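Hi everyone, thanks for coming. Please bring up the sequence and the model on your screens, and we'll walk through them together.

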Amino acid sequence: MSQKNQTLGEFIIENQSSFKYTSGELSRLINSIRLAAKVVNHEVNKAGLVDIIGAAGDTNIQGEDQQKLDVYANEKFIQTLTNRNIVCGIASEEEDDFISINSQDENNNNKYVVLIDPLDGSSNIDVNVSVGTIFSVYRRVTPVGTPVTLEDFLQKGNQQVAAGYVVYGTSTMLVYTTGAGVNGFTLNPAIGTFYLSHPDMQFPENGKIYSVNEGNYIHFPQGIKNYIKYCQMEEGDRPYTSRYIGSLVSDFHRNMIKGGIYLYPKSSKNSNGKLRLLYECNPMAFLAEQANGKASDGFTRILDIEPTELHQRVPFICGSKNMVEKAEEFMRLAE
Ligand code: AHG
Ligand code: MN
Ligand code: MN
């Protein structure tokens, strides 16, 4: 039940009772992500000034060199979630292993684990192009009150209870789902408040944008090559437009609003593609499905893939339903 000018804080409170498990823990978790997003946003916005500050001989308070933003974002999200004693474990694209959170409190009953890509599209920072943060939330499968194990993180994407992203773009937005549709909130930087700006986001069923790193074309499987040629063919509503930012969050966000497909296929160089199942593909797939879109590795639904390792990579095709189905058809035909 959205009202005009609703803030993210209000939205979280209002929707708390619709969660399956209503202890308020998931609400607190989303609130922590909201807070960390604002802190990281502030730092991302200053990225272009780093050299200027450096030239003036300035270092940070501890006298350390300026940190890389992906390391900074990683620390901020982990700190925020750890300090507030909200989750029992965190896995991050930037960490080799998962982090088990040992609460001081013996009655630590935290149920959730978070998996995160703290800064997605980080190669875009130096050139002032949008980057993002992706997060994914599961209920632990091991008993509450014991240390988390790998099993808690290697769950199929269809077990996610929440997922979302922050896009640090011309505006900063937080977009997330708890399994009841997708809602987008835009940050008013003057007062540091996110407002519900994009209620109930939906992928158009068809789209006219395809997003793929075509520089890798020669290495793609035949099915993908054929699909790309299909996108470029003069017929019906084609050729489609090619748009590729090189940050999954931004490419996904645009395609969800305008209609489109994102592809990061396997190639003769990377047999599983590049994107990480747990930190990137699963959360985006959950969002896509919640927004009436689709996500596949070319043959299988992303959310049904059984993870075998934390940093596992999978081919990823995601976006408007009919476009993803067409790409899958080309994959099948070329088998
Ligand atoms: P990250 O910055 O977290 O490593 O992710 C970058 C990912 C994704 O965001 C983007 O779509 C893709 O890598 C771009 O890869 P290419 O440069 O190979 O196209
Ligand atoms: Mn990434
Ligand atoms: Mn990253």
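This is a predicted model: local features need pLDDT of at least 70, side-chain atom pairs count only at pLDDT 80 or more; totals for chains, interfaces and linings use all residues.

Residues are numbered from 1 along each chain as its sequence is written, chains are lettered from A and ligands numbered from 1 in the order in which they are written, and side-chain values use heavy atoms, with hydrogens and water left out.

So, which residues hold the manganese ion (ligand 2)? Its protein donors are Asp117 (OD), Asp120 (OD) and Glu280 (OE), lying 1.8 to 2.2 Å from the ion. Donors here are N, O and S atoms within 2.8 Å of the metal (3.2 Å for Na, K and Ca), and water is not among the atoms, so sites may look incomplete. Along the chain, the donors of ligand 2 follow the spacing D-x2-D-x159-E. Distant parts of the chain are linked here: Asp117 sits in strand β3 (residues 112-120) and Glu280 in helix α8 (residues 277-290), 163 residues apart. Helices (H or I, at least four residues) and strands (E, at least two) are DSSP runs, numbered from the N terminus. Asp117 and Glu280 are both buried, meaning under 20% relative accessible area with a 1.4 Å probe, protein chains only.

Now look at the other manganese ion, ligand 3. Glu93 (OE), Asp117 (OD) and Leu119 (O) coordinate this ion at 2.3 Å. Leu119 is buried, as is Asp117.

Let's follow α8 onward to its neighbour. The axes of helix α7 (residues 248-258) and α8 come within 12 Å and cross at roughly 10°. Axes are lines fitted to C-alpha atoms, for helices over the stretch in contact, and angles run from 0 to 180 degrees between N-to-C directions. α7 is therefore roughly parallel to α8, the word for angles under 35 degrees. Leu248, Val249 and Phe252 of α7 meet Glu280, Met284, Leu287 and Ala288 of α8, where contact means heavy atoms within 4.5 Å.

Terms used. Buried means under 20% relative accessible area, exposed over 50%, partly exposed in between (1.4 Å probe, protein chains only). Angles under 35 degrees count as roughly parallel, over 145 as roughly antiparallel, 65 to 115 as roughly perpendicular and the rest as oblique.
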